[in-house]
Amino acid sequence: MAATEAADTQLMLGVGLIEKDTNGEVLWVWCYPSTTATLRNLLLRKCCLTDENKLLHPFVFGQYRRTWFYITTVEVPDSSILKKVTHFSIVLTAKDFNPEKYAAFTRILCRMYLKHGSPVKMMESYIAVLTKGICQSEENGSFLSKDFDTRKAYLAGSIKDIVSQFGMETVILHTALMLKKRIVVYHPKIEAVQEFTRTLPALVWHRQDWTILHSYVHLDADELEALQMCPDQIVKICLQCGRPGFNPWVGKIPWRKAWQPTVFWPGEFPWTKEPGGLHSLELQRGYIAGFVDLEVSNRSDLYDVFVNLADSEITIAPLAKEAMTMGKLHKEIGQLIVQSAEDPEKSDSQVIQDISLKTKEIFTNLAPFSEVSDDGEKRVLNYEALKQRRFPPATENFLYHLAAAEQMLKI
């Protein structure tokens with residue numbers, strides 16, 4: 001238990017204070033310990049005090065180069081001793097994803113600063129939590145790190161709300177996450193973006209990987225570079241023989257609208273084959289990125305799937321259509337997700353469990369077509385065995401790309 005608590009207290013990286021004075025200037029006032037100029041500039045951009053629209057966002061969070069940031073902003077009341085400050089933001093940086101934990105702690109720090117007007121008390125509380133995992137105050141409230149379990153943070157969003165909005169098209173999001181594609185989400189309100197994006201990783205609960213989440217991104221060159229910092233691997237595999245060279249036998253499908261794929265079931269696909277054709281299959285570490293600037297919709301280099309949350313529209317980028325082809329298996333997954341989410345007796349966690357069981361079934365179906373690699377370190381796909389099983393083309397295509405996403409291809 002002591003070891004667990006010690007590990008938990010080592011998750012925080014720093015605390016900072018940003019103020020907006022009566023002249024309208026926004027300044028980085030204080031931090032502990034020191035931080036880089038690049039991170040300071042990013043946090044100034046993230047806090048709403050520099051926004052021209054003057055909207056107050058009480059709490060925002062995000063990730064930048066493996067560092068999570070949590071920002072609580074308050075308006076200074078007339079009764080406060082901070083006479084020359086109209087608003088201020090408390091910033092916490094940490095190694096872990098847990099918005100509820102850090103929102104609770106930053107609120108306590110805000111109350112301390114409003115009362116004392118000095119960062120000293122904040123630093124004392126920060127060090128107490130950093131070293132002991134707890135700070136206690138009758139006036140400002142108490143905080144205990146171990147009260148905030150990481151798994152609760154993972155389950156805080158609502159899968160049912162996502163399914164209610166997108167219905168069967170939720171399977172597009174599920175497929176994109178399974179294949180580790182890049183998902184960009186847009187909505188003009190950051191609160192909507194963050195609530196939606198934080199929930200998406202739960203669709204692939206077997207990974208429990210929230211490091212793919214970047215819930216608040218600006219179209220800033222440095223941020224976009226950080227977002228795409230994991231280099232793509234280009235692998236070419238021949239679908240005819242399994243040797244280098246990739247031939248996508250899955251043809252392109254017509255589209256109902258620019259944003260919505262027509263879903264064909266087996267026997268309905270207008271297949272085309274290109275024997276001997278060479279095409280590259282890009283294996284990349286996918287991400288989920290949230291934006292409040294609609295201009296991101298024109299940046300097709302940033303996404304495989306674009307979600308316009310405001311208009312309830314999902315667009316699959318042209319280069320991702322082949323890997324994202326829908327078939328019978330996807331229809332089954334979509335129906336399971338919708339039926340489970342629409343069951344009033346089921347909680348969000350039960351819906352996640354139902355999806356996880358289906359995911360386990362998919363990997364079970366893939367297992368017979370894998371074998372131990374030549375170096376004996378991992379299991380890799382035996383593509384010949386997969387072809388001999390004669391799955392429907394869309395299912396075979398999906399299982400192949402899933403193996404690619406799981407790094408099960410022979411290279």
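Author: The model under discussion is predicted.

The buried residues of α11 are V351, I352, D354, I355, S356, K358, T359, I362 and L366; here buried means under 20% relative accessible area. Their cover includes several helices, namely α6 (159-166), α7 (170-178), α10 (328-342) and α13 (393-405). It also includes the strands β15 (370-372) and β16 (379-381).

Nine of its ten residues are buried, so β5 is largely enclosed by the rest of the structure. Its setting is an open sheet of five strands, ordered β2-β1-β5-β4-β3, with antiparallel pairing. The edges are taken by β2 (26-32) and β3 (59-64); each has a single partner strand, so one side of each is left without a neighbour in the sheet. From one strand to the next, the twist averages 20°.

On one side of β5 in the strand order stands β1. Strand β1 (residues 12-21) is joined to β5 by nine bridges, and the two run antiparallel. Within this pairing, D21 stands opposite V85 in β5. Strand β4 (residues 67-75) also pairs with β5 in the antiparallel sense, here over eight bridges. In that pairing, Y70 stands opposite L92 in β5.

Strand β1 has a further partner in β2, to which six bridges join it, again antiparallel. There, G16 stands opposite C31 in β2. Helix α4 (residues 119-132) lies across β1, β2 and β5, and runs at about 160° to β1.

A word on confidence is in order. The mean pLDDT of the protein chain is 85, and 83% of its residues reach 70 or more. Over residues 231-283, by contrast, the pLDDT is below 50, and this stretch has 126 contacts in the model beyond near neighbours in sequence.

Terms used: Residues are numbered from 1 along each chain as its sequence is written. This is a predicted model: local features need pLDDT of at least 70, side-chain atom pairs count only at pLDDT 80 or more; totals for chains, interfaces and linings use all residues. Side-chain values use heavy atoms; hydrogens and water are left out. Buried means under 20% relative accessible area, exposed over 50%, partly exposed in between (1.4 Å probe, protein chains only). Helices (H or I, at least four residues) and strands (E, at least two) are DSSP runs, numbered from the N terminus. Two strands pair if DSSP finds at least two bridges between them. Contact means heavy atoms within 4.5 Å. pLDDT is the predictor's confidence in each residue, from 0 to 100. Axes are lines fitted to C-alpha atoms, for helices over the stretch in contact, and angles run from 0 to 180 degrees between N-to-C directions.
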